Amino acid sequence: MEGKAVLFKRFADIDAWPICLDTQDVDEIVRTVELIAPGFGGINLEDIAAPRCFEIEKRLREELDIPVFHDDQHGTAIVALAALRNALRVVDKRLEDVRIVVAGGGAAGTAIVHLMLEAGARHVLVWDREGILSPDDGRLSPAKLDLAQRTNPGCVRGELPDALDGADVFIGVSAGNVLPVEALARMAPHAVVFPMANPTPEVDPVRARQHAAVVASGRSDLPNQINNVLAFPGVFRGLLDARAREISVGMLLAAAEAIAAVVKDDQLNANYIIPSVFDPAVTQAVATAVAEQARQEPGATAPVSGVESLTGQ
């Protein structure tokens with residue numbers, strides 16, 4: 001948490017306080033955040049697992065007049081979508097047409113699926129411990145059932161390799177080594193593979209290159225690192241600059257577009273679909289895009305008086 005606060009300061013000049021709560025109770029977390037919120041311009045939730053994170057975020061967004069952002073969900077989704085947009089440019093495919101498989105139906109997987117659907121994706125399957133999430137599976141939790149209903153109306157069943165048959169994109173936010181590399185051969189030509197579990201990816205990203213045209217992961221020692229620091233500093237800088245009361249899907253999409261656009265056409269290739277976290281253009285691009293989107297949405301920002309300013313936050 002202290003490291004996260006340092007990243008806020010280093011990349012976006014935002015003063016952040018690492019507040020750790022000795023509880024996992026939803027009501028206690030919500031009430032505690034409500035009580036301390038008046039002293040802050042935004043709330044960044046961290047390390048709260050599904051399904052508790054969904055209820056906590058929902059309740060805080062309803063109660064507070066400042067933006068609430070769960071980085072494990074929305075930060076991951078923003079950067080994954082940005083990387084996917086550029087990867088599809090490399091292989092000359094459209095988001096609306098590709099078949100996508102997401103491994104992991106927890107906080108990150110749910111947020112990634114939601115944002116991809118909002119961006120125009122139409123063919124998504126989600127796999128988790130129960131297999132391919134299907135709306136006719138009585139074992140699913142309410143959160144996973146909702147995910148299945150939004151992605152699998154045909155009630156497709158099977159395991160992760162079965163989901164990959166003819167798929168164009170694999171995105172992993174589950175656990176290490178859940179997928180044999182040979183299963184990637186079942187994907188469509190010019191496949192895109194993002195095994196992002198840390199510290200061990202779902203499938204070896206180096207060996208995955210035998211079967212995929214574009215590979216990205218969470219590893220810093222390989223090309224195309226999908227790292228949340230590309231998103232959250234700029235997102236909060238933009239929210240604070242615009243005096244945003246909330247964060248919307250439109251702002252998340254704007255952030256993803258801004259990150260993707262930092263990679264210019266003459267730079268884009270299979271080994272460079274996402275900018276470096278040290279690229280100084282990223283935070284400013286994201287902040288500008290989020291602030292502009294916030295100002296365009298009715299009621300999303302607080303009025304500015306002649307004596308009030310959030311510049312120092």
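What is the mean pLDDT of the protein, and what share of its residues reach 70 or more? This is a predicted model, and its mean pLDDT is 94, with 96% of the residues at 70 or more. One stretch needs a bit of care, though. Over residues 305-313, pLDDT stays under 50, and for these residues the model has 15 contacts beyond four places in sequence. Where pLDDT is low, the predicted coordinates should not be read in detail.

Now let's go to helix 1, which covers residues 2-12. Its buried residues are Lys4, Ala5, Phe8, Phe11 and Ala12. Look down the axis of helix 1 and you'll see these buried residues fall within an arc of 150°, so they line one face of the helix. What covers them? The cover for the buried residues of helix 1 includes strand 1 (43-45), helix 4 (71-91), helix 9 (232-241) and helix 11 (280-296).

Keep following the chain. Just after helix 1 comes Asp13, which takes a positive phi of about 55°. Further along, Ile19 sits in the loop between helix 1 and helix 2 (26-36). Is Ile19 buried or partly exposed? Its relative accessible area is 40%, which means Ile19 counts as partly exposed, since buried would mean under 20% and exposed over 50%.

Key: Residues are numbered from 1 along each chain as its sequence is written. This is a predicted model: local features need pLDDT of at least 70, side-chain atom pairs count only at pLDDT 80 or more; totals for chains, interfaces and linings use all residues. Side-chain values use heavy atoms; hydrogens and water are left out. Helices (H or I, at least four residues) and strands (E, at least two) are DSSP runs, numbered from the N terminus. Buried means under 20% relative accessible area, exposed over 50%, partly exposed in between (1.4 Å probe, protein chains only). The arc is that of the directions from the helix axis to the C-beta atoms. Contact means heavy atoms within 4.5 Å. pLDDT is the predictor's confidence in each residue, from 0 to 100.
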